[in-house]
Amino acid sequence: MERVNRILSNALYQEYQKEIDDREKDRIYCRHNIAHLMDVARIAEILNCENGSLVSKELIYATALLHDCGRHIQYDKNVPHEIVGAELAEPILRDCGFEEEEILHILQAIRLHRTEQEALKYPLAGLIYRADKKSRLCMCCNASDTCHKKEEGRNLFLTY
């Protein structure tokens with residue numbers, strides 16, 4: 001997990017997370033902070049174990065930490081965060097020592113983490129897609145009634 005810890009200490013990564021935190025400080029809906037990112041990582045790893053551990057834990061954690069890194073640009077410029085996030089993640093991954101093939105898988109998963117049919121075609125992307133959805137605690141959210149997510153896309157009940 002050395003490379004994942006490098007992501008956490010990477011100056012660009014920290015800058016992007018600060019930008020996201022600044023824009024979401026008054027947000028009443030789900031936030032995209034380190035708690036969310038770690039929830040996605042842990043849930044994806046559980047799903048991975050249940051599926052026979054097809055994906056390395058390090059790739060899961062790296063992808064989970066980076067999957068929303070473009071959120072601040074989405075807020076500012078209305079650009080899909082999964083597209084710009086993959087662009088922002090690439091130099092971080094290179095700087096942290098990930099190999100070319102690993103980078104391609106991680107960037108693909110970031111790009112696809114909001115598209116169910118496409119994400120589920122690829123092991124890492126599918127894990128991040130499902131974990132991202134399962135990480136939301138809609139059943140406990142005070143803003144659930146005004147959330148833009150359709151009711152069938154919200155976690156109103158525990159599932160396992």
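This is a predicted model: local features need pLDDT of at least 70, side-chain atom pairs count only at pLDDT 80 or more; totals for chains, interfaces and linings use all residues.
Modeller: Of the protein's 160 residues, 46% count as buried.

Biologist: How many helices and strands are there?

Modeller: Nine helices and zero strands. Along the sequence the pattern reads α-α-α-α-α-α-α-α-α.

Biologist: What share of the contacts with a separation of 6 or more comes from residues 24 or more positions apart?

Modeller: That share is 59% in this protein.

Biologist: On to the core. Which residues touch the most other members of the largest nonpolar core?

Modeller: Ile7, Leu66, Leu93, Phe98, Ile106 and Leu124 do, in a core of 41 residues. Seven helices are named as suppliers of at least two core residues each: H1 (2-9), H2 (11-23), H3 (34-50), H4 (57-66), H6 (81-95), H7 (100-112) and H9 (123-134).

Biologist: Which helix gives the largest share of this core?

Modeller: H4, with seven residues.

Biologist: Then let's stay with H4. Why is it described as largely enclosed by the rest of the structure?

Modeller: Nine of its ten residues are buried, so H4 is largely enclosed. The buried ones are Glu58, Leu59, Ile60, Tyr61, Ala62, Thr63, Ala64, Leu65 and Leu66.

Biologist: Which helices do those buried residues pack against?

Modeller: H1, H2, H3, H6, H7 and H9.

Biologist: Take H7. How do H4 and H7 pack, in angle and axis distance?

Modeller: The angle is about 45°, and the axes are 10 Å apart. The two helices are therefore oblique to each other. H4 passes H7 in a right-handed crossing.

Biologist: Which residues meet there?

Modeller: From H4, Leu59, Ala62, Thr63 and Leu66. From H7, Glu102, Ile106, Ala109 and Ile110. By class, the residues of this contact are six nonpolar, one polar and one charged.

Biologist: Why would residues three or four places apart point the same way?

Modeller: An α-helix has 3.6 residues a turn, so residues at that spacing point the same way.

Biologist: Back to Ile106. Leaving out neighbours within four places in sequence, what is Ile106 in contact with?

Modeller: Leu59, Ala62, Thr63, Leu93, Phe98 and Leu124. Recall that Ile106 is among the core residues that touch the most other members.

Biologist: Now H3 and H4. At what angle do their axes cross, and within what distance do they come?

Modeller: They cross at roughly 150°, and the axes come within 8 Å. H3 and H4 are therefore roughly antiparallel to each other. H3 passes H4 in a right-handed crossing.

Biologist: Who sits in that contact?

Modeller: H3 brings Ile34, Leu37, Met38, Val40, Ala41, Arg42, Ala44, Glu45 and Asn48. H4 brings Lys57, Ile60, Tyr61, Ala64 and Leu65.

Biologist: Pick out Ala44. Is Ala44 buried or exposed?

Modeller: Ala44 counts as buried, because its relative accessibility is 0% and the cut-off for buried is under 20%. Ala44 is found in helix H3. Past its neighbours within four places in sequence, Ala44 is in contact with Ile60, Leu127, Ile128 and Ala131.

Biologist: And how far is Ala44 from Lys57?

Modeller: The two are 13 residues apart in sequence and 9.0 Å apart in space, C-alpha to C-alpha.

Biologist: Switching to loops. Where does Cys69 lie?

Modeller: In the loop between H4 and helix H5 (71-77). Cys69 is buried, with a relative accessible area of 0%.

Biologist: What does Cys69 contact, beyond neighbours within four places in sequence?

Modeller: Tyr16, Ile20, Gly85, Leu88 and Ala89. Cys69 and Tyr16 are 53 residues apart in sequence, yet 6.1 Å apart in space, C-alpha to C-alpha.

Biologist: One more loop residue. Where is Glu24 found?

Modeller: Glu24 is in the loop between H2 and H3.

Biologist: Buried or exposed, that Glu24?

Modeller: Glu24 counts as buried, at 1% relative accessibility.

Biologist: So what is around the Glu24 side, again skipping neighbours within four places in sequence?

Modeller: Glu24 is in contact with Arg31, His32, Asn33, Arg71 and Tyr75.

Terms used:
Residues are numbered from 1 along each chain as its sequence is written. Side-chain values use heavy atoms; hydrogens and water are left out. A nonpolar core is a set of buried Ala, Val, Leu, Ile, Met, Phe, Trp, Tyr and Cys residues joined through side-chain atoms within 4.5 Å. Buried means under 20% relative accessible area, exposed over 50%, partly exposed in between (1.4 Å probe, protein chains only). Helices (H or I, at least four residues) and strands (E, at least two) are DSSP runs, numbered from the N terminus. Contact means heavy atoms within 4.5 Å. Axes are lines fitted to C-alpha atoms, for helices over the stretch in contact, and angles run from 0 to 180 degrees between N-to-C directions. Angles under 35 degrees count as roughly parallel, over 145 as roughly antiparallel, 65 to 115 as roughly perpendicular and the rest as oblique. A crossing is left-handed if the near helix is turned anticlockwise from the far one by less than a right angle, and right-handed if clockwise. Ala, Val, Leu, Ile, Met, Phe, Trp, Tyr, Cys and Pro count as nonpolar, Asp, Glu, Lys and Arg as charged, and the others, Gly among them, as polar.
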